[in-house]
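Hello,

Here is the structure I promised to pass on to you. Have a look at it first, and then read on for what turned up.

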Amino acid sequence: MSRYSLTHLPDSTLLHDLRSLVAQDRQTTALLIAHLGEVDARRLYAPAGYPCMYEYCIHELRFSEQTAFKRIRVARVAREHPVVHAMLADGRLHLSAVVMLAGYLTPENATEMLAAAAHQTKAGIEQLLADRFPQPDLPKMIAPLTATGNVPQLSPGTVKFSPAELPPSVPAPPVLPAPPAKVAPLAPERYAIQCTVDQETHHLIRYAQALLGHAVPNGDLSEVIRRAFLALIAQLERQKFAKAEHPRPCLRSDDARHIPASVKRAVWERDQGRCTFVGENGHRCESRTRLEFDHVEPVAQGGHSTVKGLRLRCRAHNQLEAERVFGRDFVRSKRDPETSRRLARGA
């Protein structure tokens with residue numbers, strides 16, 4: 001049996017082994033970064049026939065371009081601030097976090113900044129930097145897309161070296177026609193939104209600006225977007241959980257699966273528009289997307305569509321609960337007709 005075939009492992013063993021491997025990988029990565037930093041400092045790439053550390057990583061170590069950029073940058077930061085090695089090894093920092101912090105760390109603020117960044121996601125570090133180093137608002141504009149422009153990030157924390165950091169022989173990352181869509185913090189309570197839209201969406205934006213000519217005379221794009229989202233959210237809230245300023249009396253239904261609008265509103269408010277599943281480790285699912293009203297006791301077993309009898313679950317955890325109650329094969333057969341036929345044949 002291949003060592004990479006894990007279908008025979010019990011769930012508990014699989015999860016235990018995964019956590020162990022992640023811990024080993026973090027320690028190995030920290031050691032790798034330390035070795036890269038020392039090789040870079042000693043310029044050992046030169047005797048090996050390479051003009052710079054980047055070329056050595058690409059051709060000798062067989063790294064991808066972005067892997068080489070990122071790890072070289074992290075190695076250089078870690079040599080300036082050695083605590084980074086330990087933070088990588090125990091999982092307090094990931095490589096992208098170090099790359100994002102690199103341009104902001106100084107001998108005076110490094111200890112405090114690294115501590116604040118511990119266990120943060122990429123989005124959390126973006127917010128941290130926006131709070132500590134606020135940037136001016138972007139100019140409001142709608143412009144046709146050209147084939148040139150700023151170099152987009154190819155991965156979270158893509159490394160951008162200055163000429164002083166790498167020799168001129170190091171090629172720049174390729175210029176792509178359009179940067180990826182993103183929402184990024186610029187300063188406290190200020191965010192930049194960047195995306196590419198098609199001709200129809202461009203027309204809708206211009207039409208909305210025209211319709212708001214009296215309320216928003218200057219066509220302020222941020223105000224148009226704010227109003228558009230307010231209208232969209234109000235519509236979606238009505239669809240999702242029957243939100244209404246003046247609720248009407250609900251009609252009775254003989255369908256056991258029918259959920260009255262008043263019940264939807266109460267359950268959504270009680271569960272705060274978030275999945276209620278709590279894992280064995282006490283962690284509550286944070287999903288606010290693809291939410292479904294789930295019967296605590298399945299309708300097939302006598303459950304009722306009441307406030308107490310319902311809860312919010314994301315699709316994944318709704319399906320997990322169904323598999324626990326009815327069995328994985330039964331649930332799969334309901335979702336996949338081919339599986340249902342195979343099970344019926346005893347396959």
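This is a predicted model: local features need pLDDT of at least 70, side-chain atom pairs count only at pLDDT 80 or more; totals for chains, interfaces and linings use all residues.

Now to α5 (residues 95–102) and α7 (residues 122–132). These two helices pack at an angle of about 15°, and their axes lie 10 Å apart. Helices α5 and α7 are therefore roughly parallel to each other, and their crossing is right-handed. On the α5 side, Ala97, Met100 and Leu101 make the contact, while α7 contributes Lys122, Ile125, Glu126 and Leu129. By type, the residues of this contact comprise 5 nonpolar and 2 charged, with no polar ones.

Leu101 turns up again in the largest nonpolar core, which has 37 residues: together with Leu88 and Leu93, Leu101 touches the most other members. The elements that give two or more residues to this core are α1 (11–42), α2 (53–59), α3 (65–80), α4 (83–89), α5, α6 (110–117) and α7. Leaving aside residues up to four places away in sequence, Leu88 touches Arg26, Ala30, Ile33, Val74, Leu93, His94, Leu95 and Val98. There is also a second, separate core of 13 residues, with Val263, Cys285, Leu291 and Leu312 among them.

As for the whole protein chain, it has 13 helices and 4 strands. Of its 347 residues, 31% count as buried. Among contacts with a separation of 6 or more, 57% come from residues 24 or more positions apart.

Best wishes

How values were computed:
Residues are numbered from 1 along each chain as its sequence is written. Side-chain values use heavy atoms; hydrogens and water are left out. Axes are lines fitted to C-alpha atoms, for helices over the stretch in contact, and angles run from 0 to 180 degrees between N-to-C directions. Angles under 35 degrees count as roughly parallel, over 145 as roughly antiparallel, 65 to 115 as roughly perpendicular and the rest as oblique. A crossing is left-handed if the near helix is turned anticlockwise from the far one by less than a right angle, and right-handed if clockwise. Contact means heavy atoms within 4.5 Å. Ala, Val, Leu, Ile, Met, Phe, Trp, Tyr, Cys and Pro count as nonpolar, Asp, Glu, Lys and Arg as charged, and the others, Gly among them, as polar. A nonpolar core is a set of buried Ala, Val, Leu, Ile, Met, Phe, Trp, Tyr and Cys residues joined through side-chain atoms within 4.5 Å. Buried means under 20% relative accessible area, exposed over 50%, partly exposed in between (1.4 Å probe, protein chains only).
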